[in-house]
Amino acid sequence: MTATSRHKGTVLVVGAAGTLGQAICAVLADQGASVCAADARDCTDLVTALGRTHQACQVDVTDEQSVEALLSQVWAMGSCQGVVYAAGTNYTGPVATTSWPDYDRVMNVNLRGAFHLGKAVSARMRQNPRELALVFLSSVAGLKGEYGGSVYCASKFGLIGFVESLASEIAAYGGRANAVCPGNVDSVMLRELAVQVAERTGNVLDHVLAEWANAIAFGRLIEPAEVAQACAWLVSPESSGISGQSIVVDGPPPAA
Ligand SMILES: NC(=O)c1ccc[n+]([C@@H]2O[C@H](COP(=O)([O-])OP(=O)(O)OC[C@H]3O[C@@H](n4cnc5c(N)ncnc54)[C@H](O)[C@@H]3O)[C@@H](O)[C@H]2O)c1
């Protein structure tokens, strides 16, 4: 199978305007998918830059009706083969000082939004079984807790539990669902987090970033395209034997 024939239909990317969303859209388009790029932010320029007929949609993942409307639009196209959930938001800070608005903001986007999407897709598949693969962006923070990460980690751990359960349910309708767990990706989200950690610890920003890069034996951050390749493969028929799994995109520990 050549790279250009890997995808046979439309792939919906939610959170398409983010660092990883953009990289995922680019890889999918390159591999022959029709991309439906959805985000709270406008994706028109992104879709134009992809270079052929793709579609931009607006959605607020925290609003079930908005997700329903998006899914109805995508389902009407008739050829949806995959859905990638790359919407997300972050917060760092100790449990003792975490506000409920920050808790709600992270949970609503990272977990409830994913549930809205999984619910809308599985309800449609239940009525009309079809081959379709979903991928949800969790994180290595969904596998191991870390200082200041209580809310973010809880949302990403929860997402993995949701994906494993969803995968078990939709198998009967021809569906698959997997989580992708990236390590530290060179991205806007990571750099914003590094600024907050530098302020909290009194450390220099470059040192924080260097420490994260050197946390793996590659001695560098993961590239967005490396995460995108894993997502694109997981929504393609080439990964037909994989569902209910969490695929880590990260390097091994450095030498002791
Ligand atoms: N960047 C990293 O290092 C990293 C590492 C591991 C996991 N992740 C996860 O991967 C995903 C993507 O990360 P990213 O770096 O591209 O983040 P990002 O902040 O660049 O992109 C997130 C996107 O989600 C969209 N979004 C937020 N709230 C929304 C809402 N209510 N409705 C619709 N869209 C909304 C934003 O507009 C943005 O375009 C996130 O879930 C993140 O937690 C990122």
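Reply: **The second largest pocket**

The lining of the second largest pocket holds five nonpolar, seven polar and four charged residues. (Ala, Val, Leu, Ile, Met, Phe, Trp, Tyr, Cys and Pro count as nonpolar; Asp, Glu, Lys and Arg as charged; the others, Gly among them, as polar.) This model is predicted: local features need pLDDT of at least 70, side-chain atom pairs need 80 or more, and totals for chains, interfaces and linings use all residues. Residues are numbered from 1 along each chain as its sequence is written, and side-chain values use heavy atoms, without hydrogens or water.

The lining has 16 residues. Gln81, Glu131, Leu132, Arg176 and Pro237 lie nearest the centre of the pocket. Its volume is about 230 Å³. (A pocket is an open set of points on a 1 Å grid over the protein atoms alone, where a 1.4 Å probe fits, with protein on both sides within 12 Å along at least five of seven lines; lining residues have an atom within 4 Å of a point.) (The volume is the space filled by probe spheres set on the points, joined across faces, edges and corners.)

Strands E4, E5 and E6 each give at least two residues to this lining. (Strands, E, of at least two residues and helices, H or I, of at least four are DSSP runs numbered from the N terminus.) The open sheet has seven parallel-paired strands, ordered E3-E2-E1-E4-E5-E6-E7. E3 (55-58) and E7 (246-249) are edge strands with a single partner each, so one side of each lacks a neighbour in the sheet. (Pairing takes at least two DSSP bridges.)

Helix H4 (100-127) lies across E1, E4, E5 and E6, at about 165 degrees to E4. (Contact means heavy atoms within 4.5 Å; angles run from 0 to 180 degrees between N-to-C directions of axes fitted to C-alpha atoms, for helices over the stretch in contact.) H4 and H5 pack at about 10 degrees, axes 9 Å apart. That makes H4 roughly parallel to H5, a label for angles under 35 degrees. Their contact has 13 nonpolar, five polar and two charged residues.

Key. Parallel < 35°, antiparallel > 145°, perpendicular 65-115°, else oblique.
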